[in-house]
Amino acid sequence: MKKAMQQSIAISGGSRGIGRAVAEKFAAHGFTIAVAARGSEELVQLQAYWRLHFPQSRLLVWAADLSTEAGVATFADGIGEALGSPGLLLHNVGSFAVGGIDEAGDPLAALLALNVLAADRLTRRLLPGMRQAGSGHIMTIGSVAVLDMPVGVENYTISKYALQAWHHTLERQLAGTPIRTTLLQPGATYTSSWEGEEVDPAHLLSPRQVAEAVWQAWQAGGSLRELVLRPTL
């Protein structure tokens, strides 16, 4: 096991939206960035962008479907080989969907696989290295949906409730250890999930605002347990 790299961050779903904004924020400070995304072409474009705009930051990428155990294993094994143990693990990957529990098909299962199980599986694989290194910070991107209970996105809200419960359980389990945890619950954020919708971006959070909150939580050294972020109405 390689020694933990404190100036490194592993981001699930780091090629666009909040994940990419966080990656760019930390890259500007010279961090090594590890990201996973489904599309290999998207990652190639990201690497080209990085070489041009963030030559001071090392970018590591893996094409992996984190809704599957095999995809998580690909990402986790790559991180372990390249970094040993990241200084920060950010659980950001997720999916948004409209619909309630009476929707046809099995929509909740798909949301749980990406919104909850990806975080659980990735943590289970990387936590032993963090324990061995005696350091690390795990942040989880939740949602204010668990507080506001918006109508029409019940399956999504259920998945975020489950993620919040998972995070708080992890927090209690790691209490008294050097590994820190922070839950961020942003409100509506202007990402690709809003494509095709008529919405004023001024009434939403921007990915950069969420990224700034992640940076501040990292800088706080684990003293920020939970942050709720809401846009100005």
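Axes here are lines fitted to C-alpha atoms, for helices over the stretch in contact, and angles run from 0 to 180 degrees between N-to-C directions. Helices (H or I, at least four residues) and strands (E, at least two) are DSSP runs, numbered from the N terminus. The model is predicted: local features need pLDDT of at least 70, side-chain atom pairs count only at pLDDT 80 or more, and totals for chains, interfaces and linings use all residues. Residues are numbered from 1 along each chain as its sequence is written, and side-chain values use heavy atoms, with hydrogens and water left out.

## Helix packing

Two packed helices are described by the angle between their axes and the distance between the axes.

| Helix pair | Angle | Axis distance |
|---|---|---|
| α3 (residues 69-82) and α4 | roughly 35° | within 9 Å |
| α1 (residues 17-27) and α2 (residues 40-53) | about 25° | 12 Å |
| α4 (residues 107-133) and α6 (residues 154-174) | about 15° | 8 Å |

Take α3 and α4. Their crossing is right-handed. A crossing gets that name if the near helix is turned clockwise from the far one by less than a right angle, and is left-handed if anticlockwise. On the α3 side, the contact uses Glu69, Val72, Ala73, Phe75, Ala76, Asp77 and Ile79. Ala118, Arg121, Leu122, Arg125 and Leu126 answer from α4. Contact means heavy atoms within 4.5 Å. By class, this contact of α3 with α4 holds 8 nonpolar, no polar and 4 charged residues. Ala, Val, Leu, Ile, Met, Phe, Trp, Tyr, Cys and Pro count as nonpolar, Asp, Glu, Lys and Arg as charged, and the others, Gly among them, as polar.

Next come α4 and α6. With axes 8 Å apart and an angle of about 15°, α4 is roughly parallel to α6. Angles under 35 degrees count as roughly parallel, over 145 as roughly antiparallel, 65 to 115 as roughly perpendicular and the rest as oblique. The crossing of α4 and α6 is right-handed. The α4 side of the contact includes Leu108, Leu111, Leu112, Asn115, Ala119 and Leu127. The α6 side includes Tyr156, Ile158, Ala162, Trp166 and Leu170. The contact of α4 with α6 counts 14 nonpolar, 5 polar and 2 charged residues.

Arg20, Ala23, Glu24 and Ala27 of α1 meet Leu46, Tyr49 and Trp50 of α2. The contact of α1 with α2 divides into 5 nonpolar, no polar and 2 charged residues. An α-helix has 3.6 residues a turn, so residues three or four places apart point the same way.

Helix α1 is mostly covered, with 8 of its 11 residues buried. Buried means under 20% relative accessible area, exposed over 50%, partly exposed in between (1.4 Å probe, protein chains only). The buried residues of α1 are Ile18, Gly19, Ala21, Val22, Ala23, Glu24, Phe26 and Ala27.

## Nonpolar cores

A nonpolar core is a set of buried Ala, Val, Leu, Ile, Met, Phe, Trp, Tyr and Cys residues joined through side-chain atoms within 4.5 Å. The largest has 32 residues, and Val22, Phe26 and Ile33 touch the most other members. Elements giving two or more residues to this core are β1 (5-12), α1, β2 (32-37), α2, β4 (86-91), β5 (137-141), α7 (207-219) and β7 (226-229). Helix α7 gives the most, with 7 residues. Another core, of 29 residues, lies apart from it; Trp62, Leu89, Leu127 and Trp166 are among its members.

## Selected residues

Ile33 lies in strand β2. Ile33 is buried, at 0% relative accessibility. Not counting residues up to four places away in sequence, Ile33 touches Ile9, Ile11, Ala23, Phe26, Ala27, Trp50, Ser57, Arg58, Leu59 and Leu60. Ile33 and Leu60 are 27 residues apart in sequence, yet 6.0 Å apart in space, C-alpha to C-alpha.

Arg58 sits in the loop between α2 and β3 (59-63). At 43% relative accessibility, Arg58 is partly exposed. Leaving aside neighbours within four places in sequence, Arg58 contacts Phe31, Thr32, Ile33 and Ala82.

Asn92 belongs to the loop between β4 and α4. Its relative accessible area is 13%, so Asn92 is buried. Beyond neighbours within four places in sequence, Asn92 is in contact with Ile11, Ser12, Gly13, Ile18, Gly19 and Ile141.

Met149 is in the loop between α5 (145-148) and α6. Most residues other than glycine have a negative phi. Met149 is not a glycine, but has a positive phi of about 50°.
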